[in-house]
Amino acid sequence: MQNLVKWLLGFVLVLVVILIIAGQYFFHVAQVRDPKSNQPDALRQKDDPLYQYEHDFLARDKQIWHETTADGLKLDAWYVPAAQKTNKTAILAHGWHNNKTTMAIYGELFHELGYNVLIPDNRAHGQSQGKIIGYGWLDRRDYIQWLHQIIARNGQSSDIVMYGMSMGAATVLSTSGEADLPKQVKAVIADSSYTSLLDETKHEAGEMYHLPWFPFVNVVSGISKLRAGYFYAEASPLKQVAKSKTPTFLIHGDADTFVPTKMVYPLYDAIKAPKALWVTSGSKHVQSFHDHPKAYRDKIQAFLDQYDR
């Protein structure tokens with residue numbers, strides 16, 4: 001009997017060690033800065049439907065803005081003034097392992113719609129400092145600071161729209177639920193957000209690694225709490241949008257398997273503010289603009305015409 005107890009204790013100990021080692025590995029993959037995300041994206045070829053958007057925006061003169069986070073990280077951003085002086089500014093949030101260049105196509109879209117454009121590199125991405133990725137949860141407080149900087153520079157009459165894609169969509173949705181969101185934020189547009197980091201990680205455990213999510217995701221979430229300051233369930237755009245009072249437009253491709261399309265519906269249902277939903281036909285993750293460039297622009301313009309006049 002004593003031998004059996006010892007064997008069981010030894011087995012449990014080995015299992016715990018394996019889980020901790022595996023958890024550290026997956027935490028590193030998911031949440032530790034990837035040096036590749038510091039580099040500009042590969043640019044589009046001329047036959048790409050969004051080539052001109054990207055080419056035109058990257059050629060524009062840009063100011064460099066900086067912000068220092070509450071935990072002492074120096075963040076970097078591009079600012080492009082509108083062609084005609086305006087109080088309207090769009091702040092754009094990029095996705096996981098992306099950076100400012102990823103958002104050039106969206107920057108040009110909002111520039112053509114008459115907005116000043118601010119594109120930060122999120123913490124642990126691009127030219128911004130940081131080793132741990134915030135997944136929109138840490139970033140939501142960084143974006144509150146960016147919003148205040150826009151207002152400080154452009155005036156109390158500033159009129160601000162937040163736009164994000166993928167992790168950036170989770171970022172702007174999470175920011176929209178903050179109690180101290182400046183009143184100058186008039187609209188939020190989110191393309192391909194997850195409901196929560198917990199839901200997304202559980203999905204990817206099976207989709208990418210063919211592993212049961214329990215107990216691996218729980219272990220990695222616990223490591224995240226120790227090293228990044230948040231459990232995966234805390235990083236929840238779903239909970240945040242339920243508190244939002246800002247008109248919100250959700251976009252998602254119906255062929256998205258990275259952030260499953262089904263996630264957009266509880267997000268939409270949770271929003272109590274004025275809202276709109278567009279599920280695009282045949283589009284994979286964050287490919288709606290590429291697949292439907294005219295409709296994408298037209299629907300965003302129509303939403304802004306209604307809520308950001």
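Visitor: Which residue in S2 does Gln-63 stand opposite?

Guide: This is a predicted model, in which local features need pLDDT of at least 70, side-chain atom pairs count only at pLDDT 80 or more, and totals for chains, interfaces and linings use all residues. Residues are numbered from 1 along each chain as its sequence is written, while side-chain values use heavy atoms, with hydrogens and water left out. S1 and S2 pair in the antiparallel sense over six bridges, where two strands pair if DSSP finds at least two bridges between them, and where strands (E, at least two residues) and helices (H or I, at least four) are DSSP runs numbered from the N terminus. Within S2, the residue opposite Gln-63 is Tyr-79.

Visitor: Which residue in the turn of the S1 and S2 hairpin has a positive phi?

Guide: The two strands S1 and S2 form a hairpin, with five residues between them. In that turn, a positive phi of about 90 degrees belongs to Gly-72.

Visitor: What is the bridge partner of Trp-78 in S4?

Guide: Four bridges join S2 to S4 (residues 116-120), and these two strands run antiparallel. Along this pairing, Ala-77 stands opposite Pro-120 in S4. For Trp-78, the bridge partner in S4 is Ile-119.

Visitor: Which residues of S4 are buried on one side and which on the other?

Guide: Five of the five residues of S4 are buried, so this strand is largely enclosed by the rest of the structure; buried means under 20% relative accessible area, exposed over 50%, and partly exposed in between (1.4 Å probe, protein chains only). In a regular strand the side chains alternate between the two faces of the sheet. Here both faces are covered, with Asn-116, Leu-118 and Pro-120 on one side and, on the other, Val-117 and Ile-119.

Visitor: How many of the residues of helix H3 are buried?

Guide: H3 covers residues 104-112 and is largely enclosed by the rest of the structure. Among its buried residues are Ile-105, Tyr-106, Leu-109 and His-111, and just after the helix Gly-114 takes a positive phi of about 100 degrees. Of the nine residues of H3, the number buried is eight.

Visitor: What is the volume of the second largest pocket?

Guide: On a 1 Å grid over the protein atoms alone, a pocket is an open set of points with protein on both sides within 12 Å along at least five of seven lines, and lining residues have an atom within 4 Å of a point. Grid points are joined across faces, edges and corners, and a volume is the space filled by probe spheres set on the points. H3 and H10 (288-291) each supply at least two residues of this lining. The volume of the second largest pocket is about 310 Å³.

Visitor: What relative accessible area does Ser-192 have?

Guide: Most residues other than glycine have a negative phi, and most peptide bonds are trans. Ser-192, which lies in the loop between S6 and helix H6 (197-207), has a positive phi of about 75 degrees although it is not a glycine. Ser-192 is buried, and its relative accessible area is 1%.

Technical notes:
1 Å grid on protein atoms, 1.4 Å probe; cavity = no way out; pocket = protein on both sides within 12 Å on 5 of 7 lines; lining within 4 Å.
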